Amino acid sequence: MTVAIVDCGGANLRSVQRAVELQNMKSIITNDKAKVSSASYVILPGVGSANSVMQSLKSNNLLETVKYLTSPVLGICIGMHVLFDQSEENNTECMGIISGNIKKFNPELNIKVPQMGWNKVTFLQEQVKKLDDYYYFANSYYSQIYNHTLATAEYGQPFTATIQKNNFLGCQFHPEKSSHAGKRFLNYFFNEI
Amino acid sequence: MITKRIIPCLDVKNNKVVKGIQFKNHQIVGSIMNLAKKYSNDGADELVFYDISASTEGSIVNKNWVSKVADVIDIPFCVAGGIKTLEDARQILNLGADKISINTPALINPNLISQLSNEFGSQCVVIGMDIKFKDAEAYLFAKTGNEKTAYCTNKKAIDWLLQVQDLGAGEVVINAMGQDGVKTGYDLELLRSLERKCSIPIIASGGAGGPDDFIDVFKKTQVDGALAASIFHRNEFSVGQIKEALRANNVNVRL
C-alpha cells in the first residue's frame, strides 16, 4: 500500500509526506508515471499556481495518467483546483475530472484576499458529519458549491471546502496543517473513499 | 466565517528562543522544539519564528531547526530573518515552513515581494512592518533585530502598506516597536489608521499583556490575527486561556 505524493514543484511536499506517515502509510514523492499509476493512493499537494501545477503534470506526461486513475486521489488546495475544468488563475485549463470552474475571491464582499486561517467546515451528509471542524485555509481562488460538493465553508459567501466525484476527493483546506481535524480527514481519505 | 488567529511569536537567536523588551536585552526563554510543541498543543493557530541573529548579522537563518519544527507541529508556521533572495525563501519553504516573512530586504529591494509572490503564491509572502512614530508620523524601521543596527527609513507606514499590497504580499504584520514587550496593549490607533487601506490579512503585534488586550484589538479593530510573545513565554496566560476569554466576549476563535 504505497501513497504517491505527486511532485508538482510545490513547497509543501515534506509536510504532506509527514502527515501521510502519521497515518501509518508508506509514501513516495514522485512524478514518475509508472509509480503514480501503480500507487494505492495518489495525492496532488498543489502549492503555487494552477498554471504551474498543470505545467508540471503536463511535462511529466501525467495528465492522462491522473485522469484515468481508479485508486483514491486527493487533491489539496491547487491540487483540488486542477481537478476542475478551468481556473481563473491565469485562465488555466485544468483536467476536467470534476465539472466546474475555479474563481477568484471577490474583495468587494468585504473580505481579505487571500483567505488565511482557520475556517469552520460543515459536511453536508450525515455519515461524514463527524468531520465537521475548523480547518486551515490559505487561498485566493475557490470553487463555488456544486452537486459534488461534500462540505462547505463561508468566506463572504459559501464555497466548496471538500468535493468528491467517484474516487477523486478534493479539499480546499490543507489537512496536513489542520492539526487533529486534518488527521481525521486524512483518515477518512485512506479508509472510506 | 474565518476565525481570528492567535499567533505566538518565537524570537530565535543562536538556536534558542529569546525575548527582549523594545527589541533590547534579549534573554533565553526556552528551546525551539519544546515551545513550538507546547503552543501548538495549547491551540495556537500558527507560529512565527523570527531569527533575530540572522537579519542583523547578514546571514540566512540556520535552517536545521526549520525542518525539525515542521516534523513536530501540524499547524502552519512562518519563518523570518535574513531571507534576501528567491533561493533563500525556497530553502525555507522546502524545509517545511508555510510562509516566509521579510522586512529589511523588502525595504531595500521592493521587487523581491513580487518575485516571491509570483514564484510561491501570495499566501506564502508575509511582510513584517516594524513601525515607530517620529513627529507624529508612523515610519518603517529596518534591521530591527539588534538595537545597534536598527534605523529609521524614510518610508511612511501607510505608503509602504499600499506598495507591498500592490506588489503581491499576502499578509502584513504590523509591529508597533514602542509597544514591544511592554504589555500595555496593542497600538489600536496605529492599526486603525492602517487597516482602512488594507485589502490583505493584517496581524497586530507588540504590546499584548493579557486577555483584555486581545479582546480590545479584535473588538476595536478589523485585524485578522494577533501576535504575542512575552505573555506566553512567561506562562502568564496560555493560548487556550486567551481564546476562552475571546470566545466569552463573542470573538470568533477556533477552540
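Predicted model: local features only at pLDDT ≥ 70, side-chain atom pairs only at ≥ 80, totals over all residues.
**Reading the labels in a two-chain model**

Biologist: How do you know whether Asn250(B) is buried or exposed?

Modeller: A residue is called exposed if 12 or fewer other C-beta atoms lie within 10 Å of its own; Asn250(B) has 9 such atoms within 10 Å and is therefore exposed. Its phi is positive, about 65°, although Asn250(B) is not a glycine, whereas most residues other than glycine have a negative phi.

Biologist: What makes Cys77(A) count as buried?

Modeller: The label requires 20 or more other C-beta atoms within 10 Å, and Cys77(A) has 27 C-beta neighbours inside that distance, so the residue counts as buried. Cys77(A) is found in the loop between strand 4 and helix 5 (78–81) of chain A, and its phi, near 55°, is also positive in a residue other than glycine.

Biologist: Why are the buried residues of helix 6 of chain B said to lie on the same side?

Modeller: The residues in question are Leu112(B), Ile113(B), Leu116(B) and Phe120(B), which are buried in helix 6 (residues 111–120) of chain B. Because they cover an arc of only 105° around the axis, they fall on the same side of helix 6 of chain B. The elements they pack against are helix 4 (86–94), strand 6 (99–102), helix 5 (104–108), strand 7 (125–134) and helix 7 (157–167) of chain B. Helix 6 of chain B is followed by Gly121(B), whose positive phi is near 95°.

Biologist: Which strands of the sheet in chain A are called edge strands, and what makes them so?

Modeller: The sheet of chain A is open, with 9 strands in the order 2-1-3-4-13-12-11-8-9 and mixed pairing. Strand 2 (26–30) and strand 9 (133–139) of chain A each pair on one side only, and these are the edge strands. From one strand to the next, the twist averages 25°.

Biologist: How do you know that strand 3 and strand 4 of chain A pair?

Modeller: Pairing calls for at least two bridges found by DSSP, and 3 bridges join strand 3 (residues 41–44) to strand 4 (residues 73–76) of chain A, so the two strands pair, running parallel. In strand 4 of chain A, Val73(A) is the bridge partner of Val42(A).

Biologist: Which peptide bond is cis, and where does its proline lie?

Modeller: The bond from Val113(A) to Pro114(A) is cis, with omega near 5°, and Pro114(A) lies in the loop between strand 7 (101–104) and strand 8 of chain A.

Terms used
Residues numbered from 1 in each chain as written. Chains lettered and ligands numbered in written order. Helix = DSSP H or I, 4+ residues; strand = E, 2+ residues; numbered from the N terminus. Axes fitted to C-alpha atoms, helices over the stretch in contact; angles between N-to-C directions. Arc of directions from axis to C-beta. Contact = placed C-beta atoms within 7 Å.
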